[in-house]
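These are my notebook entries on one protein chain.

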Amino acid sequence: MALNDGDRKLVFRVHGLRYQSRDVNRAVKFYTEVLGCELKHQQGAAFAAVSCAGIDLLLSGAESSGARPMPDGQQQQPGGWNRLVLAVDDLPAVVADLRTRGVRFRSDIITGPGGKQIQLLDPDENPIELFEPARRS
């Protein structure tokens, strides 16, 4: 992505998606063992990066620079409504498998014109959407 700012061109690259984590080790285990992401690197309990189909998810623990309070003192916390969206081929089968693993869901499967989706929560209550695109004929 590029933005022209007068005489200079600002260039942006997507580096990843950051989630706050109360327990980085627990989050790494969830993303690698339950969702099949790949651990790229970890710095103890402070930070880890996992790759999910080419998108890096940056897991920031309380001791990481990515979790420091805002200038007004507001603490960064897990949760919210913005989310990582992972595409799947057979949503009902994936949901059934994840339910046997004790994964917590925020909703039931919803069907709309674009396909089916469901929201689940990671161990820190960060939302993840599983999405099965509608079949086009």
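I began with the surface: the protein chain exposes about 8800 Å², by the Shrake-Rupley method with a 1.4 Å probe. Carbon and sulfur atoms supply 50% of this area.

I noted that the model is predicted, that local features need pLDDT of at least 70 and side-chain atom pairs pLDDT 80 or more, while totals for chains, interfaces and linings use all residues. Residues are numbered from 1 along each chain as its sequence is written, and side-chain values use heavy atoms, without hydrogens and water.

I next looked up the extent of the C-alpha trace, which spans about 50 × 40 × 30 Å along its principal axes.

I then listed the elements, taken as DSSP runs (helices H or I, at least four residues; strands E, at least two). The chain has 2 helices and 11 strands, in the order β-β-β-α-β-β-β-β-α-β-β-β-β from the N terminus.

I checked burial (under 20% relative accessible area, 1.4 Å probe, protein chains only). Of the 137 residues, 34% are buried.

I finally looked up Leu120 and its contacts (heavy atoms within 4.5 Å). Beyond its neighbours within four places in sequence, its partners include Phe30, Leu98, Phe105 and Leu130.

Technical notes:
Buried means under 20% relative accessible area, exposed over 50%, partly exposed in between (1.4 Å probe, protein chains only).
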